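Take a look at the structure below.

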Amino acid sequence: MEKFKKLVSSVVPLPLQDVDTDQIIPARFLKATTREGFGDNLFRDWRYDSEGKPNPDFVLNQGGIQGEILVAGKNFGCGSSREHAAWAIYDYGFKVVVSSFFADIFKNNALNSGLLPVQVSDAFLAKIFFAIQGNPSAQLEIDLENELITLQTTGESESFEINAYKKYCLQQGYDDIDFLISKKLEIQEFENATAI
Amino acid sequence: MGRTLFDKIWDSHVIHTIEDGPQVVYIDRHFIHEVTSPQAFAGLKKRGIGVFNTSKTIATADHNVPTKDQHLPIKDALSKHQVDTLIKNCEEFGVELYGLGHPYQGIVHVIGPELGITQPGMTIVCGDSHTSPHGAFGNIAFGIGTSEVEQVLATQCVLQRKPKTMKIQVDGALRKGVVSKDIILYVISQISTSGGTGYFAEFCGSAIESLSMEARMTICNMSIEMGARGGMIAPDEITFDYIKGRQFAPQGSVWDEKLTFWKTLKTDEGAVFDKEYYFDAAAIEPMITYGTNPGMGIGISEKVPADSDTVNATLKKALNYMDLEGDRQLLGKKIDYVFIGSCTNSRIEDLRMVADLVKGKQKADHVNAMIIPGSKQVEKQAMDEGIDKVLAAAGFELRQPGCSACLGMNEDKVPTGMYCVSTSNRNFEGRQGPGARTMLASPLTAAAAALTGYVTDVREMMN
């Protein structure tokens, strides 16, 4: 996994609530057996029409709006547990997703894929959307070390939470399996003694 | 202070706790399928390691399989590749596979319980958000992502933060035409698709206790649709009777030992949950969804919410996608497809329920009615009971087991713009195929719609 430090970037706004993982990557594009390439079909059915032509109304097709931070409405990533959703967002080029609420499984999947989910208050989320409306190139700063998100246009900040272990993993590019493998002896003992 | 059933099972499976971090949780049973496992096996190969304990993982092929002519090779090249990759990985790593053609094949969450692999007190995971139905047996079952599938294959553990606990108590008697699917659609409509996020739910109360195991699985299945990590129901005599005698159920003296342990699995008197909800079963009528998430549900006689005086972009977008007007009933709305199947409602009891209603009747000419049994065993039992003939005589097509049109990944899809009354679990945009319009309902309400061709109040068809 790539190491995550500090990120300053313009943002892509998606001001919708309850964006489910079927929208992020529809099931018919889950047939690959590798992790790469899912970004091509990110938000496929919102991004393209039934003939495969780009939908000019969708934010990813509006040339002026770009960035490595996706900002979405409440309850982002609900529904299917497909980790492919996190892979698709990362593969497209996003490093951070900001929302006021994330679905549980998506949050885990994102962290396991090197994509940082940043949960902010409803009020701060509204400020971000408002800032982008006024200035599409408005930037956000994501400071993982200090757990701080800053709206560059106004200088307003909010702290976000991430547990110390996951923060360390992201900063070091270290993954859970490395950690679990280091516990193999304890696991074997537990299994021998108690497993059903 | 008493402890919840969730706390008891969870805590007894924790091997290690990372300070200000997740816990190492031991997993008793791991189910895998072709869609979310290939990258996990690839990860093991890259690290040069094997499966930690092959006896704890069971595989089947369900998402990509056709539901017709399963004896022939899969036509779609990518689907075939994914199923073939599962076969190859299971062979290479020594994992038991109930693949196409095997008498135990079926939807992963149908076969675990029916084979007796799913038992009380366990921790169970699968790379699939609908792992929750196993929880109906009084265990902790939840969906995981592919990186976590790799964790379980490599170490038989996952790193997880402990969810908070939630109690959902439903008391009273269900009214005519109301079944377990209606209970869970009602609960989700009340607490929303994010109301359970961060929690693990225990369903209890007299309405839940009166349900069969199949009906309990339907309820737990959709706990993910309210955002919960999973749902569980304390085991009782109904649970033990269901498990006894199944292929992988304990036998002889082991059965007696297990039974003694299983009988201890309940939430203590006075245990405190982080959140509690109480519902009255008598307040629930047959449910149907109008929108594009499972929380957008109403009683069959109610009106779709009005969108005119609201700035709710999500509701507006949903009604626009569904091409429905707010402030109107769904009753009488013409429909095109009926899908009865999925890990929510494809068990033998669901098929019996449908057969009882449609026996001696005919489906509407303009409706395409698909019924997909959850497994080879369900299919066989349906044939043994003559259900296949009843359905065929009524114009319904009983196909072969798989996830089918629940998720628009295999050949079975609902065409663009068409309305489908579906017993599955998700009505997201495009879930049953690009542009498909899904209305979630119980097998009874779905069967009633197939007979009339319109959204129908099934109670009017029942004596």
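Start with A:K127, which is partly exposed, with a relative accessible area of 37%. Keep in mind that this is a predicted model. A:K127 has a partner. The side chain of A:E156 forms a salt bridge with A:K127, and the closest N and O atoms are 2.8 Å apart. The two ends sit in distant parts of the chain: A:E156 belongs to strand β7 (residues 156-159) of chain A, and A:K127 belongs to helix α5 (residues 122-134) of chain A. They are 29 residues apart.

How open are the two ends? B:E92 has 51% relative accessibility, so it counts as exposed. B:K45 is partly exposed, with a relative accessible area of 43%.

Now find a third pair. The side chains of B:E225 and B:R426 meet in a salt bridge, 3.1 Å from N to O. B:E225 lies in the loop between α8 (213-221) and β11 (230-232) of chain B, while B:R426 lies in the loop between β18 (419-422) and β19 (437-440) of chain B, so this pair ties together parts that are 201 residues apart in sequence. Are these two residues buried or exposed? Both B:E225 and B:R426 are buried.

Some salt bridges share partners. In this way A:R35, A:E83, A:D175, A:D178, B:R47 and B:E150 are joined into one network. Over all chains, the count comes to 34 salt bridges.

Next, look at where the two chains meet. The size of an interface is often given as the accessible area lost when the parts come together. Chain A and chain B bury about 5,100 Å² between them, and 58% of that is on carbon and sulfur atoms. Chain A brings 53 residues to the contact, and chain B brings 70 residues. How many salt bridges are counted between chain A and chain B? The count is five. B:R431 makes a salt bridge with A:D22, where the closest N and O atoms are 2.8 Å apart. There are also 28 residue pairs in polar contact between chain A and chain B, counting pairs with both residues at pLDDT 80 or more.

Several helices of chain A each supply at least two residues to the side that touches chain B, among them α3 (84-92), α4 (104-112) and α8 (184-194). The residues on that side of chain A divide into 21 nonpolar, 14 polar and 18 charged.

One residue gives a close-up of contacts with both chains. B:S194 is placed in the loop between α6 (180-191) and β10 (199-204) of chain B. Leaving out residues up to four places away in sequence, B:S194 touches A:K74, A:N75, A:F101 and B:M226. B:S194 is buried, because its relative accessible area is 13% and buried means under 20%.

Now stay within chain B. Chain B is divided into domain 1 (5-160), domain 2 (164-236 + 246-282) and domain 3 (300-461). The centres of domain 1 and domain 3 of chain B, taken over C-alpha atoms, are separated by 28 Å. These two domains touch: 27 residues of domain 1 of chain B are in contact with 25 residues of domain 3 of chain B. The area buried between them is about 2,100 Å², and carbon and sulfur atoms give 53% of it. One salt bridge is counted between domain 1 and domain 3 of chain B. The side chains of B:K68 and B:E397 meet in a salt bridge, at 3.2 Å from N to O.

End at helix α5 (residues 146-155) of chain B. How many of its 10 residues are buried? The number is 10, and the helix is mostly covered. The buried residues of α5(B) include B:T146, B:E150 and B:T155. Just after α5(B), B:Q156 takes a positive phi of about 65°.

Conventions:
Residues numbered from 1 in each chain as written. Chains lettered and ligands numbered in written order. Heavy atoms only, no water. Contact = heavy atoms within 4.5 Å. Buried area = accessible area lost by both parts, 1.4 Å probe. Salt bridge = Lys/Arg side-chain N within 4 Å of Asp/Glu carboxyl O. Polar contact = N/O pair within 3.5 Å; in protein donor to acceptor, adjacent residues only side chain to side chain. Helix = DSSP H or I, 4+ residues; strand = E, 2+ residues; numbered from the N terminus. Nonpolar A, V, L, I, M, F, W, Y, C, P; charged D, E, K, R; others polar. Domains from an automatic or database assignment. Buried < 20%, exposed > 50% of the residue type's maximum accessible area, 1.4 Å probe, protein only.
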